[in-house]
Amino acid sequence: MSLAGVQDKLPVYSGPDGRIGIPLDGTPSTHILKRDIKRLAGSVTNETFWMILARLCLDAAEVAIGRAGKRDYVLVIRYDRVADGQDIIRRIHQEDFCQLLGLFPAGKYEQTGLGRRGGASLPQMFEALARLMSLAERLLLLDAVILNILICNSGSHAKNYSVVVGASGWARLDPLYDLMCAAPYRRVDQYLPQTLAGKLNADELHGQ
């Protein structure tokens with residue numbers, strides 16, 4: 001499992017015949033495979049459900065659920081790939097919000113440890129979009145933040161939001177990915193990655 005993150009995940013290639021293989025010699029992957037997390041019962045079903053729901057109401061990466069032996073997995077289609085005829089797959093450049101803000105990966109959480117702030121905050125993320133995109137794209141980010149709070153996705157940090165950046169400087173917000181509800185799991189941190197109205201716990205947020 002070679003991709004970064006809390007979950008074990010593997011970049012794979014899946015062609016028209018549906019077979020899954022490991023891309024070699026620089027071949028771009030087309031999907032990301034995530035196996036079930038033993039300590040988090042139903043993690044594959046959890047993520048698949050919320051990804052499908054998000055795709056129905058906003059914009060999220062397409063997913064499919066599968067089983068290999070005794071292990072369940074979720075297969076995520078990479079949206080940062082494009083087919084260029086003759087079954088040639090090309091990579092599309094994207095940057096997550098830590099990269100946009102010039103932060104190290106550890107800055108993906110607003111509080112970087114021991115209560116210290118210094119990581120990516122929501123105002124910083126929206127300001128980054130304001131430099132690159134239209135108001136409509138910023139509204140999409142707002143919708144994504146609201147969804148992540150409602151589903152108690154404590155993994156919605158700055159590296160789980162990203163944009164596609166074109167060579168001429170244009171940019172667009174990427175589809176959502178890595179959506180999972182943390183509420184059923186007592187061992188998982190329930191705190192929000194970024195503060196909202198000074199709160200880090202979604203239970204403390206109330207409408208006015």
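**Note on the predicted model: a loop residue, a helix pair and the cores**

1. Cys152 lies in the loop that runs between α4 and β11 (162-165). The model is predicted, and in it Cys152 has a positive phi of about 55 degrees although this residue is not a glycine. Its relative accessibility is 16%, so Cys152 counts as buried; the cut-off for buried is under 20%.

2. The next point is a helix pair. Helix α3 (residues 122-132) packs against helix α4 (residues 135-150) with axes 9 Å apart and an angle of about 155 degrees. That angle makes α3 roughly antiparallel to α4, because angles over 145 degrees are counted that way. The crossing of α3 past α4 is right-handed.

3. On the α3 side, the contact is made by Leu122, Met125, Phe126, Leu129 and Ala130. On the α4 side, Glu137, Arg138, Leu141, Leu142 and Val145 take part. Sorted by class, the contact has eight nonpolar residues, two charged residues and no polar ones.

4. The largest nonpolar core has 43 residues, of which Phe97, Leu141, Tyr161, Leu176 and Leu179 touch the most other members. At least two residues of this core come from each of α1 (43-57), β5 (71-77), α2 (97-101), α3, α4 and β12 (171-173). The largest share, five residues, is supplied by α4.

5. What does Phe97 touch, not counting residues up to four places away in sequence? Its partners are Met125, Leu129, Leu141, Ala158, Tyr161, Ser162, Val163 and Leu173. Another core, of five residues, lies apart from the one described above; Leu10, Val12, Leu33 and Tyr73 are among its members.

6. Pro193 is found in the segment after β12. Is Pro193 buried or exposed? With a relative accessible area of 4%, Pro193 is buried. Between Pro193 and Glu110 there are 83 residues of separation in sequence, yet their C-alpha atoms are 6.1 Å apart in space. Leaving aside neighbours within four places in sequence, Pro193 is in contact with Tyr109, Glu110 and Gln111, and also with Asn153, Ser154, Gly155, Ser156 and His157.

Definitions and conventions: Residues numbered from 1 in each chain as written. Predicted model: local features only at pLDDT ≥ 70, side-chain atom pairs only at ≥ 80, totals over all residues. Heavy atoms only, no water. Axes fitted to C-alpha atoms, helices over the stretch in contact; angles between N-to-C directions. Helix = DSSP H or I, 4+ residues; strand = E, 2+ residues; numbered from the N terminus. Parallel < 35°, antiparallel > 145°, perpendicular 65-115°, else oblique. Left-handed = near helix turned anticlockwise from the far one by under 90°. Contact = heavy atoms within 4.5 Å. Nonpolar A, V, L, I, M, F, W, Y, C, P; charged D, E, K, R; others polar. Core = buried A, V, L, I, M, F, W, Y, C linked by side-chain atoms within 4.5 Å. Buried < 20%, exposed > 50% of the residue type's maximum accessible area, 1.4 Å probe, protein only.
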